[in-house]
Amino acid sequence: MEHVIIIGNGIAGVTAARHIRKLSDKQITIISKESDHFFSRTALMYIYMGHMKYEHTKPYEDHFWAKNRLELLRDTVLSVNTDTRELQLEKGTVLTYDQLILATGSRPNAFGWPGQNAKGVQGLYSLQDLELLEENTKHTRHAVIVGGGLIGIELAEMLRTRHMDVTMLVREKDFWGGVLPPKEAQLVGRHIREHHIDLRLETELEEILTDEHNQVKAVKTKSGEDISCGFVGLTVGVHPNIGFLQNSPIETDRGILVNRALETNVPGVYAIGDCAQQREAIGERKPVEQVWYTGRMMGETVAQTICGNRMEYAPGPWFNSAKFFDIEYQTYGWVWAKPKENEASLYWEHEDGKKCLRLVYDKDSMRFLGLNAFGLRLRHELCDAWLKKEASIDHVIEALPSANFDPEFYQKHEQDIMRQFSKNLKTAAA
Amino acid sequence: MSEVKKNMALTGEPPAALSAGQKGATALGMLGLGVLLLAVFNVHFPNKGLWLSLSLCTMVAGIIWFAQVTYAGKPSGIKNDGVWFKSISSRGLWAWFFALFITGFYVVLYFFPQYLGLVKDGENTGIIALFDPLSKALSGNPASQWFVYGTLYTIAIFAFGIKFIWKYRHNRYEVIRTVSVMFFQTAFAFIIPELMARLNSESWSLPYYDLKNIWPLNYYNFEQYRIDSFISAGTVGTALLIFGILSIFVITPVLTYKYGKRWYCSWVCGCGGLAETAGDPFRQLSDKSVRAWKIERWMVHSVVVFVTIMTTAVVHSYLGEDSGKYWLTRSTFLVGVAAVLTLVFVWAVVFKRDKLQKDARYGAIGFFVVIMTLIGIHLFSGTQQVFLLEAEKLRSSYGFLIGAVFSGVIGVGFYPLMGSRVWCRFGCPMAAILGFQQKLFSKFKISTNGGQCISCGNCSTYCEMGIDVRAYAQKGQNIVRSSCVGCGICSAVCPRGVLKLENDSHKGRVDESPVLLGNADNLLDLLKK
Ligand SMILES: Cc1cc2nc3c(=O)[nH]c(=O)nc-3n(C[C@H](O)[C@H](O)[C@H](O)COP(=O)(O)OP(=O)(O)OC[C@H]3O[C@@H](n4cnc5c(N)ncnc54)[C@H](O)[C@@H]3O)c2cc1C
Ligand code: SF4
Ligand code: SF4
């Protein structure tokens with residue numbers, strides 16, 4: 001029987017395993033150093049905040065794995081020998097594979113700041129990071145978070161539930177300003193401050209200062225200011241976790257290089273999820289996609305290939321979502337921080353300053369290109385269909401009410417939005 | 001630049017401790033409760049009306065104050081911080097104490113009301129006496145243990161309802177739903193029946209009737225003394241009796257068709273009302289395992305069978321044999337019950353087989369048991385007996401096992417250990433029947449939003465009915481489950497806006513081969529196969 005080994009039990013690896021099982025009878029082994037069972041990385045914050053326990057973050061009950069003949073192995077893969085098709089594991093075992101799927105995820109970035117390895121300084125990615133965070137913040141009164149991305153704001157929310165004073169250092173002019181247009185970024189910025197976080201925009205880290213026990217005691221910013229603190233969270237992005245491939249012939253760049261079918265340069269070896277890098281970016285997508293959904297989609301795709309139905313990774317329209325404290329965010333299609341030449345957009349914001357909607361369209365063809373929604377839930381299916389069918393912006397405005405996915409009895413804003421957008425469109429045309 | 005004194009700072013601890021305000025509020029509430037406890041131990045209060053009002057008001061004030069310190073002044077949003085750190089809400093020591101306390105209260109209430117001060121023929125004493133003034137003001141009669149219970153129950157729904165509304169103030173579904181349960185409890189369960197009792201006289205009397213309490217939850221509704229009393233009360237009584245029957249066969253199915261069983265379980269019902277308000281801090285304790293789901297189906301269906309047989313036997317036992325006296329005779333009644341059940345069963349099997357799935361087996365077994373018993377009743381029963389059991393015995397054991405022990409002692413007493421809906425999930429026959437209707441012919445479903453689920457598990461964790469919502473959401477499947485009471489909390493706590501409770505069309509309600517949105521269409525088509 002063919003043996004498929006998957007390194008990494010995250011969403012990408014597990015999705016691949018599940019789908020291979022559905023399609024075939026192959027022997028499947030999933031190896032992970034992090035945890036015995038698949039858990040939801042996106043739920044890490046809720047464990048720290050006491051909303052859930054670790055058990056609750058496991059998407060499948062423990063009996064699921066044996067029942068579906070998915071063998072789980074808790075170990076670290078030290079190296080891959082692609083000639084003999086062997087994996088060297090830390091506990092001494094050597095495993096032989098017929099097909100190998102690399103789904104090893106990411107590791108937090110750190111950019112060589114002085115003091116970045118001190119006690120009380122860490123990133124947040126794994127379960128072990130969470131344990132360390134528990135330890136590191138036990139007595140912290142003041143924490144500094146470096147970097148204003150999605151994990152940074154989650155970390156801020158986490159620390160706030162334990163009543164720490166939190167300072168966030170963000171390089172851009174606005175929170176997540178590299179991704180969000182200014183209006184949305186400012187909306188989030190206001191909300192962050194509403195939660196009593198000292199949000200420092202256009203502020204960069206210079207170095208981390210430590211005491212004689214190599215414990216962090218302060219950070220120094222590029223403008224020379226010292227901020228004393230007992231904890232520093234580094235949330236300046238992540239990079240593919242590929243160190244163990246150093247001496248293998250598998251080609252890597254930032255991530256493991258794959259073609260559209262998620263095949264590496266070595267036959268029988270595939271890479272999916274956070275650790276994979278497309279040789280050529282697909283459309284507007286980044287070559288390395290580090291979100292839950294794309295990991296899942298690559299898993300679905302590679303399972304087909306492994307089971308004899310070679311398939312290219314062909315994601316549909318981009319979508320993503322997040323939550324900034326109490327404000328939910330959904331995005332469909334492309335909305336850039338700075339609009340491109342041909343793009344224009346319509347923006348509506350509720351008077352409470354916590355809900356907004358931006359529709360982006362092509363100025364010439366009037367085609368709908370994407371949207372950002374804050375504090376409003378929209379139907380994925382419909383937004384997806386608009387993008388696939390290249391709907392016109394007029395059509396989207398007209399169809400807005402049917403895309404509403406807010407819970408029942410919520411105040412509806414579509415009439416308001418539609419009125420304003422139709423007016424704006426007319427002025428733009430004139 | 002100051003050094004952080006590591007071991008002296010209190011911050012950074014998990015948010016498990018109560019704040020000063022919360023402590024104050026708890027103390028105030030306890031003060032009110034203390035008055036009641038003193039009354040239980042027969043401390044004499046001179047001005048009962050005053051002390052009772054004082055006690056009840058302090059308890060309500062304590063709860064509202066607690067809510068105010070906890071939620072006011074903070075941005076609105078999901079407030080589950082520290083739920084699994086706090087002893088009371090994570091099956092810690094406090095939870096066990098609390099469970100013991102409530103369980104004890106229920107045991108005394110149901111089986112030893114004399115300790116609460118109930119005196120059959122004479123002046124009440126103890127806590128029941130403390131409630132006499134209120135009872136007299138409402139119904140004109142002295143209080144009973146049930147009046148004390150009803151008052152405290154209503155107060156709990158009211159005060160914890162306010163707390164719940166504060167907590168979920170950003171969610172209008174939750175707010176409106178909670179106002180609804182508060183209203184139905186106060187008006188229908190508490191005030192109206194008491195006022196109805198006021199109308200009673202020597203010659204004319206209505207049984208105590210909480211109109212929203214429908215058979216089989218109200219398993220005693222068709223007992224002889226009630227039927228006699230309904231019938232003897234002329235038009236009003238007959239109207240009430242007809243309403244009781246209509247609510248089973250017409251009102252319930254129609255509303256469940258349109259809105260799902262939530263119209264009852266989380267908008268109207270008193271048991272649900274308490275679970276949603278006072279029980280809210282415990283909703284996460286429900287068991288989500290597949291094993292629990294199995295137990296649930298066996299138990300809840302057994303209870304339906306039990307209550308059906310019991311009610312049939314009870315009604316059967318007081319009907320006559322002679323059709324000349326009254327058109328409804330024993331045989332007609334039995335045949336009628338059998339016919340209705342057969343009709344429902346055949347309809348379900350023929351038209352809804354696809355939706356029944358696993359439940360079909362339970363249904364078939366249940367149906368078989370009931371029909372065999374009906375035949376048994378017909379063949380073997382003498383005047384008062386079903387097989388060898390007396391109908392009355394059957395009724396009293398149901399009342400004891402299900403009505404008292406399950407719904408009260410375990411149902412509420414075990415809130416802090418097994419979650420707030422133990423009774424609704426494992427024991428309530430009404431929930432089972434509504435669930436059957438919900439699964440088979442309702443428009444209600446919980447839609448899943450494309451491919452947005454991140455499998456975080458908030459929805460499953462906070463589902464009080466122990467439904468593994470995530471299992472559906474992460475497959476892109478709609479949730480159509482007979483046990484879902486439509487509380488809407490899964491949708492509220494979902495951080496990615498994945499879930500929406502809807503009354504939609506039947507088409508595509510149950511999605512047999514769901515896919516998650518995101519990938520290329522040709523792959524999605526493949527996955528659908
Ligand atoms: C705090 C946090 C919140 C997030 N929130 C969101 C969100 O809301 N939405 C979203 O879309 N994305 C979110 N993400 C990103 C998302 O979680 C990742 O994109 C996704 O989990 C990546 O999945 P993966 O399967 O590629 O890798 P991973 O989930 O990282 O799994 C890889 C596994 O492989 C193991 N492994 C690696 N190397 C080896 C080895 N040599 N031997 C053995 N085992 C090995 C690792 O220990 C790990 O367990 C979040 C990430 C974090 C950290
Ligand atoms: S599935 Fe959702 S709405 Fe239904 S009972 Fe559970 S939490 Fe409530
Ligand atoms: S439906 Fe929402 S709450 Fe449930 S697992 Fe998915 S993202 Fe989490």
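In strand S3 of chain A, the bridge partner of A:Ile31 is A:Leu73. The model that shows this pairing is predicted.

Strand S2 of chain A covers residues 27-32, and five bridges pair it with S3(A) in the parallel sense. In general, the strands of a sheet pair through backbone hydrogen bonds, and the pairing is either parallel or antiparallel. S2(A) and S3(A) belong to an open sheet of five strands, ordered S3-S2-S1-S7-S19 in chain A, with parallel pairing. At the edges of this sheet are S3(A), residues 70-74, and S19(A), residues 269-271, each of which pairs on one side only. On average, neighbouring strands here are turned by 20 degrees against each other, direction ignored.

A helix goes with this sheet. Helix H1 of chain A, residues 11-23, lies across S1 (3-7), S2, S3 and S7 (99-102) of chain A. The direction of H1(A) is at about 170 degrees to that of S2(A).

Chain A also contains an open sheet with the strand order S9-S16-S10-S11-S12, and its five strands pair in parallel. Its edge strands are S9(A), residues 121-122, and S12(A), residues 197-200, each pairing on one side only. Strand S11(A), residues 165-169, runs parallel to S12(A) and is joined to it by four bridges. For A:Val166, the bridge partner in S12(A) is A:Ile197. Helix H5(A), residues 150-160, lies across S10 (142-146), S11, S12 and S16 (231-234) of chain A. H5(A) runs at about 170 degrees to S11(A).

Two packed helices are described by the angle between their axes and the distance between the axes. The axes of H4(B), residues 126-138, and H6(B), residues 172-199, come within 8 Å and cross at roughly 70 degrees. Because of this angle, H4(B) is roughly perpendicular to H6(B). H4(B) contributes B:Lys136, B:Ala137 and B:Leu138 to the contact, while H6(B) contributes B:Phe190, B:Glu194, B:Leu195 and B:Arg198. By class, four residues of this contact are nonpolar, three are charged and none is polar.

The structure holds six cavities of 30 Å³ or more, and the largest cavity has a volume of about 80 Å³. Residues of chain B line the largest cavity, among them B:Ile446, B:Glu464, B:Met465, B:Val485 and B:Cys490. By class, its lining has nine nonpolar, two polar and one charged residues.

How values were computed:
Residues numbered from 1 in each chain as written. Chains lettered and ligands numbered in written order. Predicted model: local features only at pLDDT ≥ 70, side-chain atom pairs only at ≥ 80, totals over all residues. Heavy atoms only, no water. Axes fitted to C-alpha atoms, helices over the stretch in contact; angles between N-to-C directions. Helix = DSSP H or I, 4+ residues; strand = E, 2+ residues; numbered from the N terminus. Parallel < 35°, antiparallel > 145°, perpendicular 65-115°, else oblique. Contact = heavy atoms within 4.5 Å. Nonpolar A, V, L, I, M, F, W, Y, C, P; charged D, E, K, R; others polar. 1 Å grid on protein atoms, 1.4 Å probe; cavity = no way out; pocket = protein on both sides within 12 Å on 5 of 7 lines; lining within 4 Å. Points joined across faces, edges and corners; volume = space filled by probe spheres on them. Pairing = 2+ DSSP bridges.
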